[in-house]
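Reader: I would like to go through this structure with you, one topic at a time. Could you put it on screen first?

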Amino acid sequence: MNLHTALKPFMQEYTTIANMNITGVQFHSGKIQQGDVFVAINGTKEDGHHYIQSAIKAGASAVVGEYKITDLPVPYYRVSNTRRALAALVGHLYDFPSQRHVMIGITGTNGKTTTAHMLKHILEFAGVTCTLLGTVFQEINGQKVISTQTTPDSLQLNKWLNQSDDQVVIMEVSSHGIDQERIAFIEYDYAVFTNLSHDHLDYHKTLEDYFGTKARLFTQIKQSGESIISSHNDWGKRLIDLLATQKMRVHTFGKIGNDDVQLTNIESEFPLTFELKQRGTHYRLVLPIPGIYNAWNAVAAWLTASRMGVEPEVIQKALCTFAGVPGRFEIFKHPSGAELIVDYAHTPDGFLQFLRTIHSRTNNRVVHIFGFRGNGDPTKRKEMIRISVENNDMIVLTLDDLKGANKKEMLMEMRSLVSNYGKSKCLIIDDRTEAIEYVWKKAKKDDVVIITGKGRECYEQRFAIPSKSDIETIEYLLKSTAP
């Protein structure tokens, strides 16, 4: 790859024309190898421009940045957006590997993970090999790696796409990933929109901005590509109208007659039994996972697989054998006979849907453990407490990963919210593992204890119990109470 040619569309100015063929690109100065190009990114925590000299000392052969810099001993290219420049460079470096796969991007506030896993299950059932890049794990050529973020940075993304020998790549696409240009220059064959609700307003500021960011995914569809959109969500309807004005291929799922696939009837949540209709034919499905929201996830996966040419009868058989996603409605038995359920629900709408499912299967006492994440969206916390208080018998509030936030300030905010909205149902235990242990020790036969917000996601800090996740905390407590 010729550096000057790759950067030409982004250049504002440069100090020296570097007609070199580069062999490596990095945006982390500590990972530079001799001859790499260093791309300085002004991130949310660190400004890469402060590490340019370190990168040069480590062997960087050229630097790409956004600031006016004239005194470097290596060629310097000034561009308007280093994140896009990075994506372009790594795309050129790996010969744009996304073009060698059928690319599927799934976005939305809730349901991305389950829809992605369902779709992978259907396609593999039909004999198609799949790479999965998402929240729980990345799976490439049959090898799994635990995820650290929903949508990887453009450098890692293109590396994985280059390594993949799978026919299809299914990606969960987060709003952060779109806004931070992690998927820049990736073209999708299918883009799926599940829903949109209150989340990430600490980052996007308004729902309008959040929606606008999500909608950008659908500008990266190939000329022959298709959009798969939910019409049972107001934001989905708006996206359908927007794409229609752009003459794009749009297929919808919902409840109305002109949807390509319609969810016509829900018989029960336990087991999840429902009917859908496609091209005048009704199909009945019985899934081994609960929740009406999972019926919608299944319909999204159904329509996408159908547009890819998988026969309805094959999709039906595949979905009826879908065992679920790790960390989503994962059930454990307490020695007392109580039940513990771990789930990723972390938004007001996610809480509401999840808690409705919980109460549709039990009339017993429900205890809810959840936490606030540092530097997360503070505007959703009041609503989450309100929903939990209205739907549960006891709430234990705790802290999630602090992510640099001040612990004392977080606890002060929590106490204020509990005072105003807790209705004497809330207890605060700041250590997440101790919160789980407290409820564990008090759990009685037939209690339902729900632990939400992280699923199988690893803790980023140390807690009192030497465990790495909510699941490991439960496993630790099970072992400690074993006879």
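Predicted model: local features only at pLDDT ≥ 70, side-chain atom pairs only at ≥ 80, totals over all residues.

Reader: Let us begin with the aromatics. How many aromatic pairs does the structure hold?

Author: The structure holds 7 aromatic pairs. One of them joins Phe211 and Trp235, with 5.1 Å from centre to centre and 40 degrees between the planes, a tilted arrangement. Phe211 belongs to helix 8 (residues 207–215) and Trp235 to helix 9 (residues 234–245), so this pair ties together parts that are 24 residues apart in sequence.

Reader: Are Phe211 and Trp235 buried or exposed?

Author: Both Phe211 and Trp235 are buried.

Reader: Which residues form an aromatic cluster?

Author: Phe351, Phe370 and Phe372 form one aromatic cluster. A ring also takes part in a charge contact: the charged end of Lys144 sits over the ring of Phe137, 4.6 Å from the ring centre.

Reader: Which residues of helix 9 are buried?

Author: Trp235, Gly236, Leu239, Ile240 and Leu243 are buried in helix 9. Viewed down the helix axis, the buried residues fall within an arc of 145 degrees, so they line one face of helix 9. On the other side of this helix, Asp234, Asp241 and Thr245 are exposed.

Reader: And what covers the buried residues of helix 9?

Author: The cover includes strand 11 (188–193), helix 8, strand 12 (221–230) and strand 13 (250–254).

Reader: What caps the N-terminal end of helix 9?

Author: Asn233 does, with a side-chain oxygen 2.9 Å from the backbone nitrogen of Trp235. After helix 9 comes Lys247, whose phi is positive, near 60 degrees.

Reader: A change of topic, then: backbone geometry. Where is there a cis peptide bond?

Author: A cis peptide bond joins Phe270 and Pro271, with omega at about -5 degrees. Pro271 is in the loop between strand 14 (261–269) and strand 15 (272–278).

Reader: What is the phi of Phe329, and where is this residue found?

Author: Phe329 is not a glycine, yet its phi is positive, at about 50 degrees. Phe329 is in the loop between helix 11 (312–319) and strand 17 (330–333). With a relative accessibility of 9%, Phe329 counts as buried.

Reader: And Asp446: what is its phi?

Author: The phi of Asp446 is near 75 degrees, again a positive value in a residue other than glycine. Asp446 is placed in the loop between helix 15 (432–442) and strand 22 (448–452). Its relative accessible area is 38%, and Asp446 is partly exposed.

Reader: Which residues beyond four places in sequence are in contact with Asp343?

Author: Among them are Arg328, Phe329, Phe354, Ile451 and Lys454. Asp343 and Ile451 are 108 residues apart along the chain, while their C-alpha atoms are separated by 6.4 Å.

Reader: One last residue. Where is Thr357 found, and what lies 3.1 Å from a polar atom of its side chain?

Author: Thr357 is found in helix 12 (residues 348–361), and the backbone oxygen of Gln353 lies at that distance. Thr357 counts as buried, at 1% relative accessibility. Leaving aside neighbours within four places in sequence, its contacts include Phe270, Pro290, Tyr293 and Phe329.

How values were computed. Residues numbered from 1 in each chain as written. Heavy atoms only, no water. Phe/Tyr/Trp six-rings, centres within 6.5 Å; stacked < 30°, edge-to-face > 60°. Helix = DSSP H or I, 4+ residues; strand = E, 2+ residues; numbered from the N terminus. Buried < 20%, exposed > 50% of the residue type's maximum accessible area, 1.4 Å probe, protein only. Lys NZ or Arg CZ within 6 Å of the ring centre and 35° of its normal. Arc of directions from axis to C-beta. Contact = heavy atoms within 4.5 Å. Polar contact = N/O pair within 3.5 Å; in protein donor to acceptor, adjacent residues only side chain to side chain.
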